[in-house]
Amino acid sequence: MIRDRDTLDALVGSIARFVRERLIPNEAIVAETDEIPADIVEDMKAMGLFGLTIPEEYGGLQLTMEEEVIAMLELGRASPAFRSLIGTTVGIGSQGILFDGTEAQKSHYLPRLATGELIASFALTEPESGSDAASLRTTAIRDGDCYVINGTKRFITNAPQAGIFTLMARTDLGNKGAGGISALIVDAKTPGITFGKRDSKMGQRGAHTCDVIFENCRVPAANLIGNVEGMGFKTAMKVLDKGRIHIAAICVAASERMLGDALQYATERKQFGQPISQFQLVQAMLADSKAEIYAARSMVLDAARRRDDGWSVSTEASCAKLFASEMCGRVADRAVQIFGGAGYVSDYGIERFYRDVRLFRIYEGTSQIQQLVIARNMIREAEQ
Ligand code: COS
């Protein structure tokens, strides 16, 4: 749903300019230093990028899902690390508070998230609990007016920068399943929290992940999201449904960027006396990529519109994330192939994208988890 075309066009235009003039020229520096320059972070704050999804009453831009994916189709054209910095705050880190938090929790946290003053991180994954999220072992035991948290969270995006964590922990030790899990807002400065060393990753340098270790960390009971125990798994799943549409849009944008770069290279690079774009085997790779990107883009927009219309989009979100992320991998592979030897050396940037986009098939649910969600929903509907 697009509320005001002119306002959206202005926002998307300014993101496109920012990507072109500020982000793309800094991609190599980010990859080299593993840091996003501080002035770019400040520009992101000034543009309101941290508040894209937060309601206007809390200082955000309150984009609908369709507006959000249209914005991501632009932002995602730059190295994924840039999107990653705002991604957890506009997405999985904040949306649990928005969906299920109390009014007091929303009015306390959302305004500072919207400005980028606070970075939100989503803490679900653990050393022994990844795809099987309901098996998590971190505990949050009520003690007076606090919860005492113990456990380790793993691969937590933006943990080194985080101001708060949306943390999923087991509050009911007698319930080993999803119903024993609650969601809490945890201030990153709370005593008892320590951070592991930054993970050394295959790609996405500039986006940081690490372990977060909780040892007798006392969090006010008032930070239990929605003031209800046992709802944390459902909160996490709702957050991921939305996050998966957002990631699918990023996959489309990265694919468009890689295909654009490959097309340009193919028209400039000459072999056998003509640009390689004139060869039909290269054309096949360009055409397959174009068609698949168009399909994924249509899926993303459709899933977003359905969500805005109030439908449950668990299946569509997983379909979009599955197809778009796998498609992105194929486009990255073809782009490297079109660049040939130049695609394998780092000077052209395409090998960096190839490594960066590999994560899309893994985080916010692997492709296999998306398949499982889709099939389970189909079977459930058939049985009803
Ligand atoms: N929205 C709302 N509620 C949901 C839901 C959704 N999308 N999906 C599941 N639930 C509810 C179920 O309805 C069920 O509630 P009841 O007990 O009241 O019936 C409860 O949550 C448990 O659901 P389910 O039994 O389906 O859970 P499972 O443990 O079988 O597994 C999967 C669910 C595999 C889908 C889940 O663990 C998952 O998504 N794993 C991947 C995690 C992930 O993406 N990690 C990435 C971390 S962030 S980078």
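Good morning. Helix H8 (232-268), helix H9 (280-308) and helix H10 (314-339) each give at least two residues to the lining of the largest cavity. Helices here are DSSP runs of H or I with at least four residues, numbered from the N terminus. The model is a predicted one, in which local features need pLDDT of at least 70 and side-chain atom pairs count only at pLDDT 80 or more, while totals for chains, interfaces and linings use all residues. Residues are numbered from 1 along each chain as its sequence is written, and side-chain values use heavy atoms, with hydrogens and water left out.

Let me stay with the cavity. On a 1 Å grid over the protein atoms alone, a cavity is a set of points where a 1.4 Å probe fits but cannot get out, and lining residues have an atom within 4 Å of a point. Grid points are joined across faces, edges and corners, and the volume is the space filled by probe spheres set on the points. The count comes to one cavity of 30 Å³ or more, and the volume of the largest cavity is about 30 Å³. Its lining consists of Met-258, Leu-259, Ala-262, Met-285, Leu-286, Ser-289, Val-331, Arg-334, Ala-335 and Ile-338. H10 provides the largest share, four residues. By class, the lining has eight nonpolar residues, one polar and one charged. Ala, Val, Leu, Ile, Met, Phe, Trp, Tyr, Cys and Pro count as nonpolar, Asp, Glu, Lys and Arg as charged, and the others, Gly among them, as polar.

H8 also meets helix H4 (residues 65-75): their axes come within 8 Å and cross at roughly 30°. H4 is therefore roughly parallel to H8, a term for angles under 35 degrees. Axes are lines fitted to C-alpha atoms over the stretch in contact, and angles run from 0 to 180 degrees between N-to-C directions. Which residues of H4 and H8 make the contact? From H4 they are Met-65, Glu-68, Val-69, Met-72 and Leu-73, and from H8 Lys-242, Ile-245, His-246, Ala-249, Ile-250, Val-252 and Ala-253. Contact means heavy atoms within 4.5 Å. This contact of H4 with H8 has nine nonpolar, one polar and two charged residues.

The last pair is helix H3 (residues 38-46) and helix H5 (residues 80-90), which pack at an angle of about 50° with their axes 12 Å apart. Ile-40, Val-41 and Met-44 of H3 touch Phe-82, Leu-85 and Ile-86 of H5. The contact of H3 with H5 has six nonpolar, no polar and no charged residues. Thank you.

Conventions. On a 1 Å grid over the protein atoms alone, a cavity is a set of points where a 1.4 Å probe fits but cannot get out, and a pocket is an open set with protein on both sides within 12 Å along at least five of seven lines; lining residues have an atom within 4 Å of a point. Angles under 35 degrees count as roughly parallel, over 145 as roughly antiparallel, 65 to 115 as roughly perpendicular and the rest as oblique.
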